[in-house]
Every structure is written in structure tokens, then in C-alpha cells.
Amino acid sequence: MAERRTANGERGAAALEARSGAAVSGPPVASPLPSRLRPPRLHVGLVARPRLQALMPVGGAPLVLVSAGAGWGKTTALVQWVASDERPAAWLRLDAADNDPVVLLGDLIAVLAPVSGCDPCLAQALRVAVPPIWETVVPALAAAVADAPPFLLVLDDAQHVARAECWRVVAALLDCLPAGAQLALSTRTDPPLPLARLEAAGALATVGGVDLAFDRGETRDLLELLDLPLPDEDLDALHTSTEGWATGLYLAAAALRSRPAADRTVVRGDLREIAGYLLAEVFATQSPAVQEFLLHTAVLERLSAPLCAAVTERDDAQAVLSHLASGHLFVAPIDHTGSWWRYHQLFADFLRAELERREPGAVAGLCRRAGEWYLDQGDVPLGVVFLLRAGEHGRAADIVSDVWTRYWEDGQNETVEHLLASFADDQVRVHVPLALTAGWVYSALADREKARRWTAVACRVAVDDSPSPDGTASLRSSQALLRAAVAPDGVARMRADAELAARLEDRPGSNWHAEAQFQLGCSLWLTGVEGRAERHLQIAAREGGGVNSAVELAALGFLGLIAAERGDWEQARLHERRGAQRLAALGHVSHRRVLPLLLLQARLMARDGDIDLDAHAAWIAATLDGMVSIAWMTVLAGVVVGECLLARGEVEAAAGWGERARRALKEGGDAGVLDARLQRLLLGLKGRDSEDITPAELRVLLLFPTHLSLAQIADRLCLSTNTVKTHGKSLYRKLGVGSRAEAVEAGRALGLLPPP
């Protein structure tokens, strides 16, 4: 700026001497340049900010502290306040020379004379070898101020003043302000005044960076003032990245104006215009030690003293953080205790770019130390993120493969999914335990595309008998269990995989032993070995209750279905009650685990004539839609729900379930004993879709399950044998069958005949 001191530090000493008529007998006291005694002239239009002006308490607290980092609009806010305030205002822009109490007092006398009536010649008393600051000057100035009418005094850029005696002068002025007068301090650092005491006494009002930040509407108004209107989406992005930082918005607007309209979406702190300002006004003003701290902690999204100490390997982290916070150096608190901080987004961008430019090889080591610190604190997700940034892909994969089951069992499914999403696909594929983890996790989540992709990878990755970090007996066992769970190659192969897993998981009472028993029980039931199936499912339910509640839930559902199939409704209801209790306790469980219980409940509702069966069927459909496609489970659901709906005469709804099961069977291979049940359902539906069966034909059909011959049926019904034969042919045609046995099966599927 033009207003600089002469080489000997004088500011208009000759003019002062000429005005006073006295010789300069002591240290010269330069008069302040006129531009420092008035609000600056702004070179751009101003956005009206009534929200901010409402925070300026006119005639309220004697001290108004406007404290924020560089470029937050402190001076502009005060200019707008002065312009709107009816009181006389005095303005003094401080600089480094005001760090001398003699210079500061001379400037204050000059600026306060018009509003307080103090004699400008009072400055003459400062022009001696030992100025009588506290004996004469300060008391005289304080007396004049105390008798003045209400006024507003603004001391701008107060961060240039550091000496305690200078702030003692300011405190003396503050103490003698008359009622209705106010002192406004604009500063980048909090001043050494008793702020806590002043605030407790209601004598302090503060306006900080959060208050000065432009809100979205003000950002829009500013861009319109700068003739740079943006679409809402781009406006939101700009406001988010700048966080309402006034200078950042102006600089970003300048940068964006030179870009094509289609390229105005990304604003970062490493843009030339923004980076240049941050370098000169913020970074370069710090000591080399603080600069190094800023650069080395730029890899962190959150800052705490212990974390920064670990990353920088310095023991002064707390002191530096306190310095950054008190100096408003683009750090913001993110908790209420002052333990955690973050850098402003644009400042963080700038620092990372500077770190890469100055120390391109340092990032990996810094991130590695951050990762190890987070792991030591038990924060695995962030530890993994930083290990990956450090290039430690194998170590990160080992950790996730080891811990995912613990998070999963605690219901932290999203945490596990986030951990997997931290890796690139190729990093997952080449790490066998992590590929198996991806298969297990995504097979239980709602993203069907990821489930299909990662179960395919996990089921086909080459494995051996190495120990598995997830707790299974080996990598081979983990894969066999997963293959049995999703049955990618049909029920026959499912049983082989389940039997292999059951042999390998030979530790009764363990989580994975219960899983293996459950999968073996399901595969045996599907292949028609009901007795053995029930025994293994009972083991799964019993062991799962202690170590794997989701397995217990699924096993109870299947045990209930088996009991219902053989007509043991009391036992079926017992399993349903236990399963419902377990589900309520779990709160959330993967869809494939809860599906058997839902199907059991549908069977019981159909038997009881529950009118809510349709709503329950819709729940089952949503459950199927939200899980990985497992052919036999879809067929089972289609058969059970279809049979229940058909028995109630809801032919169209039952047909929809039958068609869903048919498509799943076509796409997924065999479904074991469910194949025949599906065919019976489809035959039954075909019969219901034909012309109605007459009462006479129904009487004949009711005797088909007996051992009576056609002639004996004719005798029983008092009909001729030919009439019975005619009814039989008509039944075959209407039911779409070709034999008496098939007619009986179709009749039972249709609900025309009682269960066997």
C-alpha cells in the first residue's frame, strides 16, 4: 500500500511539529496516515447481509470481537455496520508500528479526537524521552472518552498488536467507554483481554468465522453481483467447497469466470488464484516449524493432539494445534471439548498440494503412521483407510478378513460393507481371504448385482487348506460353506459342499460348526433325507443359540416347516414362537436367514385362515427381492406361498408365485425334492384354470385316494361303471393329468382333497 513509513520510522513528524509549534525533544510520534483513519474504500459491490448485521449489537455489549482467519470478511462486515449505524464512528486500521504503546496512543488520540472531544495536542506529551503514558496521557484520553456522547470505535487488524502494555491501553479505553459507546476489534487472533470475564458480565459480543461465512443465499447473491450466476447444483458445490469463506468465493469466482460453463463444478484449494492467496496470507506468515506441521497433518481429515503427534513424530502437537486454533488459521472444531479439529476444505486442498510439491515421497509414511495410530485406538475402518493410502494393501486386506465377522455379529453390517468398498476390485480378487469375505458379505446384503458378482468370484477362487482369518477351519472350508449357502450349481452340488464343510468344521460349539450343521441339514432335506436333515438342523439351532443367533433363527424356521409338512402343527408353532422371539431380539438379520421363518408363518396363517396372509406374502416377496438369488430358496418360497394361496382359492396370486418359482428353477438348476412339489403346484393351477369340476366329478375324485376300483367306486356311489369312467376321463382332462395317482396329487394341491 502507499501508506508506508519513512526509512527512520517517522509518520509525518514534521507536520505534527509544525502544527504544535513545539520542537521534537523526544522520540518522534508519527501521525497516522489519513487512509488508516477511515473505513477502507471497497472496490466491489457489497451483498446485503441483514443476518450478519443482526449479530452486531448496536448499543449493547461494550466490546464487539470480530475474530476470524484471513479473508473471512471481518473488515467488510464492520464497514457495513459503520455505514448503517447512526452514531459517530472512529476507525483505526492498526499495523505493526502500533505494537508500540506510544505509537498506539498517538494513533488513538488522532482517531478519537473528532468523536470524543479530546485535545489532539495531547499527543505532544508523548514526544519526550520517557512519555508519561499512565501518569498523564491515558488518564486524559480516558476522561475525554468517558464524557463523550455514544460513538463506535473500530480497531481493524488488531492481530498486529501483541505487546501486553498496548493491550493495557485498549483495556483502559474499554473500561471508560460511556453508555451506548462500543469498541469493535477485528482480528485474526484472539486478543489478550479478559474475554471470559467480559463475556460472563455481558460486556462481550463475539462474531466468528461461522457467523461471517456466507450462507447459500448470500453466496447466490454474491455471484449474481459478480455477474456469474450458476445452476443450483454448481452453486451448492461451490458453497460446500468454500464453506462460505468470503475471499474464497471471490477468488473462486475469478477462476470460474475464465472457464467454460460446463467446467464450473469443481473448486479446490489448489487452484492458482486460491492457492496464491493462502500461500501469501496464511501459510507464509507461519514459522517453519508450524509450516511443517501443517503440511504433515494435511493427510488427516480430523486432527487431535495424540494423532498429530503420532503422524508428525513431534511432542509439541498440542501447542501447535492451540496456536492454529487461537490464530484462526483455517481450523474448525468438530466436537464440544476442543479435542478434535479439521482444516477448512480449501486450506486442506492447498496443504495437500503443497505437501506433494515439496515432499512427494512423504505421504505414504505419514498415512502409515496415521493408520497404525487408528488401529491402536481400535478404529479399524479408519486404520484400513490410511493403510490403503500408504499402499499397504495386503496388510489392510488381512485386517479386514480377520475382523469382519466381529463387526457383523454386532450388527455393524454397513461398517463391513464400507471396509470392503475401500478396496479396488482387483485388490479384492487377488487376496483370497478378502475375496471370500466379499462373497459372504455381499451374499447377505440387498445389492443383488454385487452379490451375484462377488459370490461368483468367491465360489470359484482357488483355495487351499491354509488357515482362514475369519475363524473357519481353512480357506477351503470357508469356500465350501459359502457355496453351500448360495448353491450356485444346484442342490446336488450344494449337498457335496455342505458335507465337505461339515467334515472340516469339526469343533462343536463354534460359530462355523453351527453354520456347517445348518447347511448340511438344509441340503439333506432338499435331497429327501428328512430324518438326518432334522437332526443336523436341531444341532444348528441348539449351537446357534449360543454363538450364531442368525443360524439359530434360520434353523428354527426350517424345523417348523418340516413339522408342518408332516402335520405336526403343535411342534411347528413351537418353532415359530422361538424363531419370532429370536428375530425380535436380533432386530436385524440378513434376508436369507429370516426367509424360512416367514414361510413357516405363512403356512400357519393359511391353516388358521388368517386374513393377513396376503400382506405376509408381500413381505416374503420383498424379502426375496432384497437378497441374492438362490434358486432353491426362491422355489421353496414359491411353492409354500403358492400352495397357501391356492388353498384359499386365490388362483391368480398363487399362479404368480408358481411362475416365480418356475423361472428360478429354470435359471438355477435343480431344487431337489422341491422340483416335484413345484410340478404338483403347477398342475393344480392348471386344473383350477380349466372349467369347473362338477359336484358329480368331485364325488368321484374324493374316492380316488382309496384302494377302491372303479367298479367299487361305482357301487359306492350307486352309479354305473361307465359313468364313473366318464367322470374320471373328465377329471383327467380338467386337472391336466394322465393317471389316477396324478389326479390325487393335483386334487390335494388344489385343496379339493384333504392332506394324506
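This briefing describes selected parts of one protein structure, from its sheet to its helices, loops and cysteines.

The structure is a predicted model, in which local features need a pLDDT of at least 70 and side-chain atom pairs count only at pLDDT 80 or more, while totals for chains, interfaces and linings use all residues. Residues are numbered from 1 along each chain as its sequence is written, and side-chain values use heavy atoms, with hydrogens and water left out. Helices (H or I, at least four residues) and strands (E, at least two) are DSSP runs, numbered from the N terminus.

**The sheet**

- Five strands make up an open sheet with parallel pairing, and their order across the sheet is S2-S3-S4-S1-S5; two strands are said to pair if DSSP finds at least two bridges between them.
- Strand S2 (89-93) and strand S5 (204-207) stand at the edges with a single partner strand each, so one side of each has no neighbour in the sheet.
- On average, and with direction ignored, neighbouring strands of this sheet are turned by 15° against each other; such angles run from 0 to 180 degrees between N-to-C directions, and the axes are lines fitted to C-alpha atoms, for helices over the stretch in contact.
- Strand S3 (residues 152-156) runs parallel to strand S4 (residues 182-187) and is joined to S4 by four bridges, and within this pair of strands Leu-155 stands opposite Leu-185 in S4.
- Helix H3 (residues 74-84) packs on the sheet, where it touches strand S1 (63-67), S2, S3 and S4, and the direction of H3 makes about 155° with that of S4; contact here means heavy atoms within 4.5 Å.

**Strand S1 and its partners**

- S1 is joined to S4 by five bridges, and the two strands run parallel; Val-64 stands opposite Ala-184 in S4.
- S1 also pairs with S5 in the parallel sense, over four bridges, and Leu-63 stands opposite Leu-204 in S5.
- S1 is mostly covered, since five of its five residues are buried; buried means under 20% relative accessible area, exposed means over 50%, and partly exposed lies in between (1.4 Å probe, protein chains only).
- Which residues of S1 point one way, and which the other way? Leu-63, Leu-65 and Ser-67 point one way, whereas Val-64 and Val-66 point the other way, and all are buried.

**Residues in loops**

- Asp-95 is found in the loop between S2 and helix H4 (101-116), and this residue is buried, with a relative accessible area of 11%.
- A polar atom of the Asp-95 side chain lies 3.1 Å from the backbone nitrogen of Ala-97.
- Asp-157, in the loop between S3 and helix H6 (164-175), has a phi near 60°, which is a positive value in a residue other than glycine.
- Glu-243, in the loop between helix H10 (232-242) and H11, likewise has a positive phi, near 55°, and is a residue other than glycine; at 22% relative accessibility, Glu-243 counts as partly exposed.

**Residues in helices**

- In helix H12 (residues 272-281), the residues Ile-274, Ala-275 and Leu-278 are buried.
- Seen down the axis of H12, its buried residues fall within an arc of 95°, so they line one face of the helix; the arc is that of the directions from the helix axis to the C-beta atoms.
- An α-helix has 3.6 residues a turn, so residues three or four places apart point the same way.
- Helix H11 (246-257) and helix H16 (345-358) are among what covers the buried residues of H12.
- Gln-519 is found in helix H26 (residues 511-526) and is buried, with a relative accessible area of 3%.
- Not counting residues up to four places away in sequence, Gln-519 touches Leu-481, Ala-484, Ala-485, Met-494, Ala-498 and Arg-593.
- Glu-659, in helix H33 (residues 651-668), is partly exposed, with a relative accessible area of 29%.
- Glu-659 and Val-639 are 20 residues apart in sequence, and their C-alpha atoms are 9.8 Å apart in space.

**Cysteines**

- A disulfide is a covalent bond between the sulfur atoms of two cysteines.
- With a disulfide taken as a pair of cysteine sulfur atoms within 2.5 Å, the count comes to zero disulfides.

Note on methods: Polar contact = N/O pair within 3.5 Å; in protein donor to acceptor, adjacent residues only side chain to side chain.
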